[in-house]
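Here are a few notes to read alongside the structure, for anyone meeting it for the first time. Have the view open and follow the points in order.

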Amino acid sequence: MHVEPFEVPSFSPEQLALLKDKLSKTTYPNELQEDVGWDYGAPTWAVEPVAKAWLEDYDWEVARAKMNQWHHYHGNLQGMKIHFIHERSSDPNAIPLLLLHGWPSTFYEFHNVIDDLRDGAFGGQAFHVIVPSLPGFGFSDPPTERGFGVAKNAALLNELMIELGYSSYLLQGGDWGAIIGKYMATRYKQNCKAFHTGLPFCLPPLPTPRNLLFHPFKIVKFFTSVLVGFDRVYGKGKTVLNGATFANAEWYYGCGYRAIQGTRPYTLAYGLTDSPLGLMAWMLEKYHEWTYHPAEKQDIEALPSTISTHDFLTQVSIYYLTNTMSSSIRIYYECLHQHEMFKVVIPRVEVPVAVSAFAHDISKLPQDWLEAATNLHQFSEYESGGHFPAMEEGEQLTKDIQRFGKLLRNKSIL
């Protein structure tokens, strides 16, 4: 793999002028007169102030300076330039750590945790930190042929780690990072020696031969929960299956985006590519719905207090600057049409697993299920945080990864 240094670029004057022009000439949509909160999607009262901040206050150069404090690279893999951050720790006991983002996110999701993980902050385990942009996201080239889904992402990212000299590593991922991560933990376990996630994908304790032998009580509990309800068996809020259906709106109203992105991504992409407001609003809905808000603020604030408008707009700006919203959503199409979720969900994870269950992630599974479906070594539950824990609760996530890393080091697994 040929590797060359990379620097996060500025907006060209033409790009910046076009962005400002479009934001200054926005036409807002027709809405109901009554207050419907977020039931119909992102409301104008939430979108308009963020758009105004993007137009008048946001400074890409401030974010750019922060990002360029790290070592960025482009590596040629499978005919594409793949962007990644590579921060080596000075600690001789550092563990290689691959951090994988998802959608609608970028490598910037981890900006609050990179330094602390590298430096062994809080007296914890230190890591060599590798943060790639997934193919088609941000500063990584988009795939140019159909079929580049979970399996091909996994093969490329495992190759990246090996080429960097890390034949054994720990992987942490959420969203698509969790999906790709589980695939890597089951298909490349000779390299991916352990898996940390907040979003596990696995089957419940079904009466398989292994479960009948090792987990008969868990099987009984599961079928009891089907009859009387998950909350009564596992505890209130311990089982949230919003991630269990790819595109069934009758089951989960929030999955409409998956249906569109998994079936007609090109048609949607015109609006998200040409309209910065459309792009921002499409992302804002998810940063509102998938994050933790105190109950009294759930319907009256756009972003949680843990994610600043500046950091959210940096995520949006990376998509806009690189014109990668279209290429990023294609992974939904590839995964759906290749039936890849079956290949992700069904296999048992044999390498050590840690799960950090943040309060408002889109899906949560009972510890019983995880113990039956994975080699679970660590399980942590948090009263705050959501789908973007590295942005929302960076210190908690860092310490959780560090605890797992120390456990792996003590057991000589890594």
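1. Start with the open sheet, which has nine strands in mixed pairing. Going across, the order is E1-E2-E3-E5-E4-E6-E7-E9-E11. Keep in mind that this is a predicted model.

2. Where does the sheet end? Its edge strands are E1 (3–6) and E11 (374–381), and each of them pairs on one side only. From one strand to the next, the twist averages 25 degrees.

3. As background, strands of a sheet pair through backbone hydrogen bonds, either parallel or antiparallel.

4. Now find helix H6, which packs on the sheet. H6 touches E4 (95–100), E6 (169–173), E7 (192–197) and E9 (349–357). The direction of H6 makes about 155 degrees with that of E7.

5. H6 (residues 176–187) also packs with helix H5 (residues 150–163), at an angle of about 75 degrees and with the axes 9 Å apart. The two helices are therefore roughly perpendicular to each other. On the H5 side, the contact is made by Val150, Ala151, Asn153, Ala154, Leu157 and Asn158. H6 brings Trp176, Ile179, Ile180, Tyr183 and Met184.

6. What kinds of residues make up the contact of H5 with H6? Nine are nonpolar, two are polar and none is charged.

Terms used. Residues numbered from 1 in each chain as written. Predicted model: local features only at pLDDT ≥ 70, side-chain atom pairs only at ≥ 80, totals over all residues. Heavy atoms only, no water. Axes fitted to C-alpha atoms, helices over the stretch in contact; angles between N-to-C directions. Helix = DSSP H or I, 4+ residues; strand = E, 2+ residues; numbered from the N terminus. Parallel < 35°, antiparallel > 145°, perpendicular 65-115°, else oblique. Contact = heavy atoms within 4.5 Å. Nonpolar A, V, L, I, M, F, W, Y, C, P; charged D, E, K, R; others polar. Pairing = 2+ DSSP bridges.
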